[in-house]
Amino acid sequence: MTDRSPVNLISIARDSGTEEGAEPLNLGMRVRGLRKSKGWTLEQAARQAGLARSTLSKIENGQMSPTYEALKKLATGLEISVPQLFTPPSPGQISGRMAVTKTGQGKTHATVTYEHELLGEALSKKQMLPYRARIRARSVEEFDGWVRHDGEEFLYVLTGVIRLYTEFYEPIEMRRGDSAYYDATMGHNVVSVSDEDATILWVTSLS
């Protein structure tokens, strides 16, 4: 039988400010699930949170209502925030989507300065846009001004040597294995400075 005592029921407000009906959430089960997901025993979790083993046991079994201080210790020990103790992932969010792109089979899009190979193209409504790029440009003058767009961007050099130009920083030379993470609304351009065209992996956020 589900425990519906006020101690274990959390009413979660929607972003709009309206409130859902009280959604049952067994805090003890939530804590136990988080602990077991880390492979910790009661002793290990209690030590990590700075609580007595008996206290943690009572919380997991619904035998006591933890104080806010105890909740903070629990959250810190479990490496999450206090609100996350009360907001388990919705089963509806688990879709199991996956897309595999074999080498050379990504959709290509060529420009004067870059040649892009889109990855994970089979998935719609993605939160990230991953693509591999061959950098044709050899000079920043080849660009028609700054490239800029919404979101954040991650760049990882796969082969060759590039120079990353950004609106607010000095140009930086980057080699294989180097990476950069930046605000894509800031103007940015990339050129190859190696004899061969450099290749890079780009991942752009879409949200």
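## The main nonpolar core

The largest nonpolar core of this predicted model holds 21 residues. Those with the most contacts inside the core are Ile-135, Leu-155, Ile-162, Met-174, Val-190, Ile-200 and Trp-202. At least two residues of this core come from each of these strands: E4 (114-118), E5 (128-135), E6 (152-159), E7 (161-166), E9 (179-183), E10 (188-192) and E11 (198-205). Another core lies apart from this one, with 19 residues, including Ile-59, Ala-70, Leu-74 and Phe-86. As general background, nonpolar side chains in soluble globular proteins tend to be buried together.

Not counting residues up to four places away in sequence, Val-190 touches Tyr-114, Ile-135, Ala-137, Phe-143, Leu-155, Ile-162, Arg-163, Leu-164 and Trp-202.

## The six-stranded sheet

Now for the strands and their pairing. Six strands form an open sheet in the order E3-E4-E5-E11-E6-E9, and the pairing is antiparallel. At the edges are E3 (107-110) and E9, each of which pairs on one side only. From one strand to the next, the twist averages 25°.

E6 and E9 run antiparallel and are joined by five bridges. Within E9, Ser-179 is the bridge partner of Tyr-156.

## A closer look at Ser-192

Ser-192 sits in strand E10. This serine counts as buried because its relative accessibility is 1%, under the 20% cut-off. The Ser-192 side chain reaches the backbone oxygen of Ile-135 at 2.8 Å.

Leaving aside neighbours within four places in sequence, Ser-192 is in contact with Ile-135, Ala-137, Arg-138, Val-161, Ile-162, Asp-197 and Ala-198.

Definitions and conventions. Residues are numbered from 1 along each chain as its sequence is written. This is a predicted model: local features need pLDDT of at least 70, side-chain atom pairs count only at pLDDT 80 or more; totals for chains, interfaces and linings use all residues. Side-chain values use heavy atoms; hydrogens and water are left out. A nonpolar core is a set of buried Ala, Val, Leu, Ile, Met, Phe, Trp, Tyr and Cys residues joined through side-chain atoms within 4.5 Å. Buried means under 20% relative accessible area, exposed over 50%, partly exposed in between (1.4 Å probe, protein chains only). Helices (H or I, at least four residues) and strands (E, at least two) are DSSP runs, numbered from the N terminus. Contact means heavy atoms within 4.5 Å. Two strands pair if DSSP finds at least two bridges between them. Axes are lines fitted to C-alpha atoms, for helices over the stretch in contact, and angles run from 0 to 180 degrees between N-to-C directions. A polar contact is a pair of N or O atoms within 3.5 Å; within protein, one must be able to donate a hydrogen and the other to accept it, and residues adjacent in sequence count only if both atoms are side-chain atoms.
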